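Subject: Handover of a protein structure

Dear colleague,

Please find below the structure that I am handing over to you. My notes on what was found in it follow directly after it.

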Amino acid sequence: MAITSDPVMSPADPAPPAMRGVFDPDTYRARREALARAVPGALLLVPGNAAKAMDFRANQYPFVQDGTFRYFFGLDQPDLAGLIDTETGDAWLFGEATGIDEAVWLGSRPSLGELAARVGVTRCADGAALAATMADAIGRGRQIAWPPPYCAEGMVTLARLTGQSLARIAASANAPGNLALVRAIVGLREIKSAAEIAEMEAALAVTARMHHAAMAATRPGVREHEVVGRFEGIMRAADLHFAYQPIFSGRGEVLHNLRYDRVLAAGELVVNDSGAKSHGGYASDITRTIPVSGRFNALQLRLYETVLRAQQAAIEACRPGVRFVDLHLLAARIMVEDLVDLGLFRGAVDDIVATGAYALCFPCGLGHQIGLDVHDMEALGEDNVGYDGENRRSALFGLRNLRLARPLRRDMTVTVEPGLYFIPELIDMWRGEARHAGLIDYDAFDRLRGFGGIRIEDDVHVTAEGGRVLGPPIARSAHDVEQAMQGDA
């Protein structure tokens, strides 16, 4: 190895959460050792994320650390990289020493050595040492592996360190060594410890308050952004940040509607999909659907309870060994049974589910893994995380959007979020093609133009007994949502 550095001394002073691992140093050491055993004989490069400028260099977006770096190296600080030699078991932390300019503008920070000690890393060095180490390893023909980059800065850094073109870096995600590393990372990260579950529930405690505040503030004549401001204030008062840009919209048929510019109208439904990240970086992801008038009308109530039954059945069936795709199809079947009774579909329920005709109003997947990322580990490749050799992505419209299909494992955490969406553009397209014409009553669907959408989502811990909904109760039944809208949650 080209690195030369002195052993890291233990830190003497406490540091803000961003400057220390949220767990004890032994946790990070154990994670790195497990990764080394899973990918023997390799040099594993784990880059952290860089700071990103908004409109000039000193004006930066709020920093979000790469989930894999944070899992193995713990630190929520930009411009760091980790290296694990699986032949020797050694680990290094790389970064640049802080200077007087940073101290003047940002205050004094722990040294690189202090940061390393806080996450159980025994040696550290600067960026020049990392470049020299990589050049030495390449020259000696060592196997080097890294997680696939998902942003421009990461691709440029890897190209510089490996001497490869950006095109080759982009294609390297499918290299055998990198795929082996990705599989090992997924196998470790998808099983959550009790401490990780506690982090998620800490985020959910704040998220529950956010959702109940949104319910109490929702009424006709209020602008969407006013309600978003209410629940964002609760989150920021807890010194947390959004896990993703929230959805709060009376246009719930638009699955990822990120606009908040409408005035809420009596008789419509609002989809509120929002969650926070804990101080340790773990995400929550909760969706509730709210009647703007304070009470569901008869049709809204019927469809809401259909979605709720589907969600509850899927949660109860979340057990080790059960394929997530089968949970998706279970939820679809429950919703289709009711939609047949309402006259939206006709024919055998089995045919409506098997052909994918149900995707006219359920065009997305049932859920995804959740953890340090809201769509946990999706940066490693959705197929690498959610599929395997025995469970391959479907070509059917709707089902092909399922992010997770393979069997669940004990102590995984997933979202369960069935929904019904009445999307005019999709109805028009399918009707024009006469798609599944024998199974769909398009006149009945036409009458639901303007209905919007319904989604109900919770974060679920997979246990031997079934799915356990994480966090404090968040009003979910129609009755409880209506009560919460009166401020009674």
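The model is a predicted one, and its pLDDT averages 94 over the protein. A score of at least 70 is reached by 95% of the residues. Residues 6–15 call for caution, as pLDDT stays under 50 there. For this stretch the model has 22 contacts beyond four places in sequence.

I turn next to a pair of helices. Helix H11 covers residues 298–316 and helix H12 covers residues 324–341. Their axes lie 8 Å apart, and the two helices pack at an angle of about 155°. Angles over 145 degrees count as roughly antiparallel, and H11 and H12 are therefore roughly antiparallel to each other. The crossing in which H11 passes H12 is right-handed.

The residues that meet between these helices may be followed in the structure. H11 contributes Arg302, Leu303, Thr306, Val307, Arg309, Ala310, Ala313 and Ala314. On the side of H12, they meet Leu327, Leu330, Ala331, Ile334, Met335, Asp338, Leu339 and Asp341. Sorted by class, the contact of H11 with H12 comprises 11 nonpolar, 1 polar and 4 charged residues.

The next item is a sheet. It is open and consists of 3 strands in the order E9-E10-E12, with antiparallel pairing. Strand E9 (247–249) and strand E12 (286–291) are the edge strands, each of which pairs on one side only. On average, and with direction ignored, neighbouring strands of this sheet are turned by 15° against each other.

Within this sheet, strand E10 (residues 269–274) and E12 run antiparallel and are joined by 6 bridges. Asn272 has Arg288 of E12 standing opposite. A helix also belongs to this picture: H10, formed by residues 224–237, lies across E9 and E10. The direction of H10 is at about 145° to that of E9.

Strand E16 spans residues 458–463 and strand E17 spans residues 466–469. The two pair in the antiparallel sense, over 4 bridges. What joins E16 to E17? The link is a hairpin, which passes through 2 residues. Which residue in E17 is the bridge partner of Val462? That partner is Gly467.

With kind regards

Terms used
Residues numbered from 1 in each chain as written. Predicted model: local features only at pLDDT ≥ 70, side-chain atom pairs only at ≥ 80, totals over all residues. Heavy atoms only, no water. pLDDT = per-residue confidence, 0-100. Contact = heavy atoms within 4.5 Å. Axes fitted to C-alpha atoms, helices over the stretch in contact; angles between N-to-C directions. Parallel < 35°, antiparallel > 145°, perpendicular 65-115°, else oblique. Left-handed = near helix turned anticlockwise from the far one by under 90°. Nonpolar A, V, L, I, M, F, W, Y, C, P; charged D, E, K, R; others polar. Pairing = 2+ DSSP bridges.
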